[in-house]
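Subject: Structure handover

Hello,

Here is the structure I promised to pass on. Please open it and keep it beside you while you read.

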Amino acid sequence: MTTRIIATGAYAPEQVITNDDLAKVVDTSDEWITKRTGIRERHISSGENTSGLAVKTARQILERAGIKAGTLDLIIVASVTADYSTPATSCIVQKEIGAHNAVAFDVSAACSGFMFALSIADKYIKAGVYNNAMVIGAETLSKIVDWSDRSTCVLFGDGAGGAYVEKSETDGIIKEEIGTKGEICDILTGGYTACSNIFSENNDSTDNLWYVSMNGREVFKFATKSVVKSVERVLKDAGAVPGDIKYVIPHQANARIVEVISNKLAIPYEKFYINMDRYGNTSSASIPIALNELNEKGLLERGDRILLTGFGGGMTWGTMLISW
Ligand code: COA
């Protein structure tokens, strides 16, 4: 028994901010951003919060899967930019789509979030606890990005993507792994809120670390190393070789990271599906948005072997080999 992706969906805010638009607010250029990252534009919310993007994605997935919300067993939303600390974004999705029989919770694993959420759903389904799940990655990173910091603000975008998965006797998730390396968690941080209250020594939270802060070079090194090792392990465990794979869907952070990964794994760059040029890094939404695009374009055929792999804050990584 396995877990099969039945339908995908995605949504990104209408407003598109180009590299030239950013060059008007920080000291940067289209040339620098394109050359160093492969990003040309990104969708930025004009006010709609993370749950709004997640709900639109969920509705699209339900329609495409041809199922009623009441039949959903499980809803997991991965996000680091939830509307609230409580309720979870997944609970808002549950309410808005009317998934009265589901259990809903969120996971926080930054850009690997969708991989973590899908891994959890897979475990519940394979254990026979649930028959199906809706898994969504949704982010409005624009609210935790420092728009005066050119070294980070050019990288990120807003969006959501997800999938409906079901118990299956045939094709589906073959092998997967998720991992963390908390020892280096401080190389990529964001969204810190200070413990400030009327009884605390310091009730001034102006020095908090709300905005995304990153050691770009260390993240680059971690990303290339962790993804390569993770993909090698998953392929080995599955008894598969790079030649078996039709598409790799990498986390859409930086085209140069993908080039390094492609070289080290000896998987041709053309097999990597890239859309960061149009979305930037949407964290937990990046892999499902890309997966949905591949699916919408009709590029996936039943039985194709595809590999999803991502890395992110935490530091985290996750890789999954799927028979479509
Ligand atoms: N526009 C113009 N110049 C910029 C710039 C921008 N947007 N951002 C940084 N620079 C400048 C720096 O100030 C530096 O100038 P200096 O040499 O005068 O000091 C120069 O460009 C080089 O900066 P550096 O940080 O060394 O560049 P880099 O080649 O490492 O590229 C990243 C920076 C962020 C693109 C790269 O490190 C990266 O992609 N890292 C991984 C990040 C990532 O994936 N994060 C998400 C994880 S989920």
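Predicted model: local features only at pLDDT ≥ 70, side-chain atom pairs only at ≥ 80, totals over all residues.

**Helix H8**

Start with H8, which spans residues 255–265. Its buried residues are Ala255, Ile257, Val258, Ile261, Ser262 and Leu265. They cover an arc of only 150° around the axis, so they sit on the same side of H8. What do these buried residues pack against? Their partners are helices H2 (30–37), H7 (216–238) and H9 (276–279), along with strands S11 (247–250) and S12 (305–312).

At its start, a side-chain oxygen of asparagine 254 comes within 2.6 Å of the backbone nitrogen of arginine 256. After H8 comes alanine 266, with a positive phi near 55°.

**The sheet**

Next, find the open sheet of four strands. Its order is S8-S13-S12-S11, and the pairing is mixed. S8 (173–180) and S11 are the edge strands, each pairing on one side only. From one strand to the next, the twist averages 10°.

Strands of a sheet pair through backbone hydrogen bonds, either parallel or antiparallel. Which way do S12 and S13 run? They are antiparallel, joined by eight bridges. In one of them, glycine 310 has glycine 318 of S13 as its bridge partner.

**Salt bridges**

How many salt bridges are there? The count is 14. Here are some to look up:

- Glutamate 31 and lysine 35: their closest N and O atoms are 4.0 Å apart. The two are four residues apart in helix H2, so about one helical turn separates them. Glutamate 31 is exposed, at 56% relative accessible area. Lysine 35 is exposed as well, at 63%.
- Lysine 56 and glutamate 48: the closest N and O atoms are 2.7 Å apart. Lysine 56 is partly exposed at 37% relative accessibility, and glutamate 48 is partly exposed at 27%.
- Glutamate 177 and arginine 233: this bridge is 2.8 Å, N to O. Glutamate 177 is in strand S8 and arginine 233 in helix H7, so the pair ties together parts 56 residues apart in sequence. Glutamate 177 is buried, at 16% relative accessible area, while arginine 233 is partly exposed at 34%.

Finally, Arg59, Lys95 and Glu96 form one network, joined by salt bridges that share partners.

Best wishes

Terms used: Residues numbered from 1 in each chain as written. Heavy atoms only, no water. Buried < 20%, exposed > 50% of the residue type's maximum accessible area, 1.4 Å probe, protein only. Arc of directions from axis to C-beta. Contact = heavy atoms within 4.5 Å. Polar contact = N/O pair within 3.5 Å; in protein donor to acceptor, adjacent residues only side chain to side chain. Pairing = 2+ DSSP bridges. Axes fitted to C-alpha atoms, helices over the stretch in contact; angles between N-to-C directions. Salt bridge = Lys/Arg side-chain N within 4 Å of Asp/Glu carboxyl O.
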